[in-house]
Amino acid sequence: MDDLPVQKSHRMPGRAASSNPDVRFDRLHAEAVDDGWASDDDLPILRTEVTDEIARSVISRNTSPDLSFDRSINPYRGCEHGCIYCFARPSHAFLGLSPGLDFETKLIARPNAADQLRKELSHPRYEPKMLAIGTNTDPYQPIEKTREIMRGVLDVLRDFNHPVGIVTKGTLIERDIDILGPMAAKGLVRVGVSITTLDPQISRKMEPRVPMPAARLRIIRRLTDAGIPVRVMVSPVVPALTDHELEAILAAAKDAGAVAAASIVLRLPREVAGLFQDWLAEHYPDRAARVMGRVRELHGGKDYDPHFGTRMAGQGAWAAMMKQRFRLATRKLDLDRSLPPLRTDLFAPPPQTGDQLSLF
């Protein structure tokens with residue numbers, strides 16, 4: 001039985017993962033095998049499913065020393081962009097879903113996110129700090145076009161004059177320039193646009209439902225033309241696959257209007273390691289061993305090292321070389337700057353019906 005090929009239940013165009021690893025909290029698992037009766041042409045296409053979740057709270061808190069923010073919002077769980085390297089994939093297991101294909105196809109939308117956010121920001125003891133969005137799953141993934149949950153969240157943040165930092169690969173952010181532009185003029189918003197590669201073929205394989213790199217560069221231009229400060233995120237840097245593009249990505253982003261830059265090396269927590277290695281074996285078998293050898297060098301001989309301080313930067317000679325290349329390139333391009341902190345002094349809950357008006 002073990003020698004039989006794994007059975008496919010669907011055709012999977014536009015998906016990066018090729019399997020659904022077991023949910024690590026489950027005690028039992030099932031394994032399908034190919035009985036030889038069905039061909040790929042007979043199989044249905046794997047479609048995206050969206051389930052609504054009524055959120056009881058939307059602001060998540062963290063105390064990580066690796067992060068520059070202590071609070072965030074995720075309008076969606078799971079991400080249809082389907083980036084094979086996404087570090088957020090393991091979070092789907094907490095929903096009883098697989099970090100593999102389920103992460104890309106079984107999405108959770110939070111339609112009451114804006115209303116719940118309004119309640120949380122209105123709490124008399126709430127103290128404003130930058131709210132990060134897009135640090136786990138992308139708020140501008142394809143379903144946002146029809147669901148508009150992220151836009152509702154931005155409406156609330158604008159009404160409260162609350163600072164927000166957004167990270168995205170999605171060009172749909174252009175739709176919300178009418179909100180983000182005026183907020184940026186008050187010092188309330190900045191955006192990070194992630195560009196992993198300039199090669200459209202690698203991008204299509206590695207991040208199958210993400211807008212092409214050229215489209216993301218155009219979005220940097222549109223945002224900066226609207227007065228919105230943009231940091232290019234060269235992330236993740238994949239050794240032996242995209243690392244040679246570091247300087248070219250930074251230069252292209254600078255030409256598009258980016259004013260700062262950041263970079264994070266590839267990290268493969270939990271199930272992501274196996275999914276990524278399966279993807280390498282399918283798409284780049286000639287360099288799979290080299291890529292993983294470099295990844296393990298970065299993480300102390302392991303597929304991933306979760307320790308704070310090194311998990312995002314890596315360790316060893318290659319990591320040091322990449323830091324040096326990044327430092328030299330950003331200095332040359334005038335991207336080696338820290339963006340000013342977003343303002344919190346403008347924060348104020350908007351007047352509600354029945355409120356007593358101020359005499360001053």
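Predicted model: local features only at pLDDT ≥ 70, side-chain atom pairs only at ≥ 80, totals over all residues.
Let me start with helix α10, where the face turned away from the buried side carries A289 and R290, both of them exposed, exposed meaning over 50% relative accessible area, buried under 20%, and partly exposed in between, with a 1.4 Å probe and protein chains only. Residues are numbered from 1 along each chain as its sequence is written, and side-chain values use heavy atoms, with hydrogens and water left out.

Helices here are DSSP runs of H or I with at least four residues, strands are runs of E with at least two, and both are numbered from the N terminus. In α10, residues 288-298, the buried residues are A288, V291, M292, V295 and L298. Seen down the helix axis, these buried residues fall within an arc of 110°, so they line one face of α10, the arc being that of the directions from the axis to the C-beta atoms. An α-helix has 3.6 residues a turn, so residues three or four places apart point the same way. Among the elements that cover this buried set are β10 (260-265), α9 (271-283) and α11 (317-332), where contact means heavy atoms within 4.5 Å. Just after α10, G300 takes a positive phi of about 65°.

Turning to the cysteines, a search of the whole structure finds zero disulfides, a disulfide being a pair of cysteine sulfur atoms within 2.5 Å. For C79, the nearest cysteine sulfur is that of C83, 6.4 Å away.
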